[in-house]
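Hello,

Here is the structure I promised to pass on. My notes follow below it.

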Amino acid sequence: MALAVGMRVLTRALLRPWARGLRAAPGRTGPAAGGGDGVRCFRSPRVLVEPDPAAGVAVVKMRNPPVNSLSLEFLTELLISLEKLENDKTFHGIIITSDCPGIFSAGLDLTEMCGRDPEHYAEYWKAVQEMWLRFYLSNLVVIAAINGISPAGGCLLSLTCDYRVLANNPKYAIGLNETLLGIVAPFWFKDTLVNTIGHRSAERALQLGLLFPPAEALRVGVVDQVVPEDQVQSTARSVMAQWLDIPDHARQLTKILMRKPTADRLLTERDADIENFVRFICKDSIQKSLHAYLEKLKQKKG
Ligand SMILES: CCCCC/C=C\CCCC/C=C/C(=O)SCCNC(=O)CCNC(=O)[C@H](O)C(C)(C)COP(=O)(O)OP(=O)(O)OC[C@H]1O[C@@H](n2cnc3c(N)ncnc32)[C@H](O)[C@@H]1OP(=O)(O)O
């Protein structure tokens, strides 16, 4: 009992600064629709939350077409949905997945990092940090049902989860491929990957900007399970049941023990990290390569 109370106090203390930031952005989500069983169903333009109150689980579907790029607005909506679910005692776990066929998330939104002013870059980077901190330390069990390609920031979002199930489709790949864009994955992206696959594999993957297809992703440990595409959601559900069988307070405390040192590194260097990002992204050479990369993406079509 004392442990459970301690856990709640610790979790609240950890989450308070970010929650404050989020509450400052009201009105971005649509009105909550009342569920017939008293459980609220949350909706926003880019995030669809499908609650299963009996199981204590909600499926969070990302729908920011065409590619679920993590724009400022999308990140804000995702975080508000997460906060609402965390504050609702009905829910103990969430499954995050995509509503955009073939794409889990194309990562950070390149248009947020190109041709804008330094104030915008700072605001955007703070939201990216917030996404990482909130998902990485969520008191809920968070499982990624990865039903599409998941480069860079999309991979980072998956890495914040407790468990990753990837669809076995040769078109899908996952990894932190920042170097291929001429940019550098920040230390907390790197730390998250190291915590997941170990130092040597992470070093190789980061330097080469590797995007792992399913079998390799499983071998290196970027994902925990690869299953046929039509079984991704059901597998995520059965894995969730297994995780929810563990006493919540013990699991939550263990999660915090494992992850807090990594999160603390960013928390203590958060402002410096924003300054670094803004300095880096404002460089002419970086802006040129990002512009060129975006152009290449557009020209690909024809
Ligand atoms: C030393 C100090 C360091 C300090 C910090 C410094 C650095 C910062 C680090 C930043 C870390 C960055 C992380 C990231 O996540 S960067 C984004 C990485 N993402 C990618 O490289 C993926 C790019 N996209 C694709 O490869 C493809 O779009 C796809 C996801 C495989 C989907 O392909 P497909 O279905 O063929 O769609 P299209 O390519 O045609 O794309 C449709 C439209 O979507 C636009 N798009 C695609 N990706 C993005 C994106 N990430 N952001 C914004 N927009 C994107 C694309 O341009 C198309 O637009 P259009 O319809 O207007 O042409």
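Helices H5 and H9 are roughly antiparallel to each other, because their axes cross at roughly 175 degrees and angles over 145 count as roughly antiparallel. Please keep in mind that this is a predicted model. H5 covers residues 187–197, H9 covers residues 248–268, and their axes come within 10 Å. On the H5 side, the contact uses Trp 188, Asp 191, Thr 192 and Asn 195. On the H9 side, Thr 262, Arg 265 and Leu 266 meet them. By class, this contact holds 2 nonpolar, 3 polar and 2 charged residues.

Next, strand E10. This strand spans residues 163–167 and is mostly covered, with 5 of its 5 residues buried. Tyr 163, Val 165 and Ala 167 point one way, while Arg 164 and Leu 166 point the other way.

E10 has these strand partners. Strand E8 (residues 141–146) runs parallel to E10 and is joined to it by 4 bridges. There, Ile 146 stands opposite Leu 166. Strand E12 (residues 225–227) also runs parallel to E10, with 3 bridges between them. Val 165 has Gln 225 of E12 as its bridge partner.

Best wishes

Definitions and conventions. Residues numbered from 1 in each chain as written. Predicted model: local features only at pLDDT ≥ 70, side-chain atom pairs only at ≥ 80, totals over all residues. Buried ≥ 20, exposed ≤ 12 C-beta atoms within 10 Å, placed from the backbone. Helix = DSSP H or I, 4+ residues; strand = E, 2+ residues; numbered from the N terminus. Pairing = 2+ DSSP bridges. Axes fitted to C-alpha atoms, helices over the stretch in contact; angles between N-to-C directions. Parallel < 35°, antiparallel > 145°, perpendicular 65-115°, else oblique. Contact = placed C-beta atoms within 7 Å. Nonpolar A, V, L, I, M, F, W, Y, C, P; charged D, E, K, R; others polar.
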